[in-house]
Amino acid sequence: MTKFTSYDTDQLLSQAFKDNAPQASEHNPDEGVDLSGLESPTTGQLDLEERNSFRSVAQGSTGKTSEKEAEFEVEYRKLRLEQVILVGVWTEGTTAQVEANMQELASLAETAGAEVLELLYQKRDRPDPGTYIGSGKVEELRRIVEATGADTVVCDGELSPGQMVALEDRLKVKVIDRTMLILDIFAQHAKSKEGKAQVSLAQMEYLYTRVRGWGGNLSRQAGGRAGSNGGVGLRGPGETRIEADRRRLRTEMARLRRELQGMKTAREVKRARRQESTVPKIAIAGYTNAGKSSLINAMTGAGVLVEDALFATLDPTTRRTTLPDGRAIVFTDTVGFVRHLPTQLVEAFKSTLEEVLGADLILHVVDGSAPFPLQQIEAVNAVIYDVVKESGEEVPPEIIVINKIDAADPLILAELRHVLDRDNVVYVSAATGEGVAELATRIELFLNSLDARVTLVVPFTRGDVVSRVHELGTVLKEDYEAAGTRLDVRLPQRLADELREFVVSPTEG
């Protein structure tokens, strides 16, 4: 008979979270990001300090407190992190894979602000349709919950409404699934108006089928005198509490969809302007916490929010920079993906994910220090495929960027070098800068393949054209003659078409 496999939390999570400790002190909310020596802190640093300060307040303070802090000591004395037990079902893969999945779930729980007490998983052919883990294991889990004093049980999968009700009735504590956990993290990290609306819509779509009531005693009764409400045979309970809640959800969901449609129009206008621009557009996509924001900072010095946590970036960030050859490009940092990303989030964030499809090139960032990076690549490709299937567009060319090679296992790097196409992969470390120059060169070579090589003769009175060519193209040779400035350049095809009046044959004098 199969049994739960239980792990001591401290032992199992020490490796999983050793790099996930927040930069702020656990006991002192004033110890955030070190901003000494910076005249103007970046937006990312300020956002990170704000997040860390909030978390340290939630964890409480055991050190000395000031008079102002003492005023709130009584109010917050009983606050503590929500204590959770994680439960999974092992249906396929190796032991190392299922433990890596459980560690990822633990990272999600910690990011959401919970304290993990136990990690449990059970080997089954498939999840139990009634209680997810089977009635016998539910009784075992109930005893563990009582012994540990846990507040919540988190299941590594999407529970049906019936499974959730059955587990809560037996365990007498709150039960949530992986989808609810990810939605909670998104709700915490969303900052823009559009991001908040997208997360709210995704939460309501998920909760719509999981609204609960308490029977007919909370219904709106339609009985009464003879002849009322249609008369004999048509009297009885009217709208129940569940129906009323669902009606309110439908109304709110319709309102959010209208708001998002208006925001989508504004986004499409901005995107159309970018499409008209000749500046190449590069989207940075990948698994959550793969180092996308760190990479964009390493290449642009943008100072966007960087945090060693899951889903630190939800709102797209666009930054303009210059390649070593002088060409201007635009980077767009997008929301990270994750294994079993809820379909509600894919639908809600579709307008954001479409930024990936509108790019000239995708930098697919992979966490090289993860135990199974190839599974991350498959998960990201699956989400992109879903978006492409709905939009009907083609996926732009991509360069796979294996990040965090300074912390990666040499055996895993060797496996990646063996499996992946060598001509399409760059190995970098955004933290140390290793490989970043090679990545910039690879981007230059790709953009050059899209360019047209032409010779221009620009009159001296059109200095604006020469300046634009230097900014958006690669000047191979520049001479001065009586007719004007002769330029041998590689230009984006659209810009070459715009400047066709200045194009001459290479042999023309």
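Trainee: How many salt bridges does a search of the whole structure find?
Mentor: The search finds 22 of them. Keep in mind that this is a predicted model.

Trainee: Okay, give me one. What does R257 meet in a salt bridge?
Mentor: Its partner is E205, with 2.9 Å from N to O between the side chains.

Trainee: Is R257 buried, exposed or partly exposed?
Mentor: R257 is partly exposed, at a relative accessible area of 41%. E205 is partly exposed too, at 21%. The cut-off for buried is under 20%, so E205 does not count as buried.

Trainee: Next one. Which residue forms a salt bridge with R453?
Mentor: That is D488. The closest N and O atoms are 2.8 Å apart. This pair links distant parts of the chain, 35 residues apart. R453 sits in strand β12, residues 451-458, and D488 in strand β14, residues 484-492.

Trainee: How about burial there? Is D488 buried or exposed?
Mentor: D488 is buried, with a relative accessible area of 17%. R453 counts as exposed, at 56%.

Trainee: What does R462 pair with?
Mentor: The side chain of R462 meets that of D464 in a salt bridge, 3.1 Å from N to O. R462 is partly exposed, with a relative accessible area of 31%. D464 is also partly exposed, at 49%.

Trainee: Which residues are linked in a network of salt bridges?
Mentor: E139, R142, E146 and R170 are linked that way.

Trainee: Let's switch to strands. What is the order in the open sheet of six strands?
Mentor: The order is β7-β8-β6-β9-β10-β11, and the pairing is mixed.

Trainee: Which strands stand at the edges?
Mentor: β7, residues 317-322, and β11, residues 425-427. Each has a single partner strand, so one side of each is left without a neighbour in the sheet.

Trainee: And how much are neighbouring strands turned against each other?
Mentor: By 25 degrees on average, ignoring direction.

Trainee: Zoom in a bit. How many bridges join β9 to β10?
Mentor: Six bridges join them, and the two strands run parallel. β9 covers residues 361-367, and β10 covers residues 398-403.

Trainee: What is the bridge partner of D367?
Mentor: N403, in β10.

Trainee: New topic. Where does UniProt place the feature "binding site"?
Mentor: The UniProt record, an unreviewed entry, places that feature at S293 and T313.

Trainee: Where is S293 found?
Mentor: S293 is in helix α11, which covers residues 292-300.

Trainee: Is S293 buried or exposed?
Mentor: S293 is buried, at a relative accessible area of 10%. That value is under the 20% cut-off, which means S293 counts as buried.

Trainee: Last stop, I185. Where is I185 found?
Mentor: In helix α8, residues 178-189. I185 is buried, with a relative accessible area of 1%.

Trainee: What separation do the C-alpha atoms of I185 and G113 have?
Mentor: They are separated by 8.8 Å. Along the chain, I185 and G113 are 72 residues apart.

Trainee: Great, thanks. I'll go and find those in the viewer.

Technical notes
Residues numbered from 1 in each chain as written. Predicted model: local features only at pLDDT ≥ 70, side-chain atom pairs only at ≥ 80, totals over all residues. Heavy atoms only, no water. UniProt positions renumbered as here; feature names shortened; annotations may be inferred. Helix = DSSP H or I, 4+ residues; strand = E, 2+ residues; numbered from the N terminus. Buried < 20%, exposed > 50% of the residue type's maximum accessible area, 1.4 Å probe, protein only. Pairing = 2+ DSSP bridges. Axes fitted to C-alpha atoms, helices over the stretch in contact; angles between N-to-C directions. Salt bridge = Lys/Arg side-chain N within 4 Å of Asp/Glu carboxyl O.
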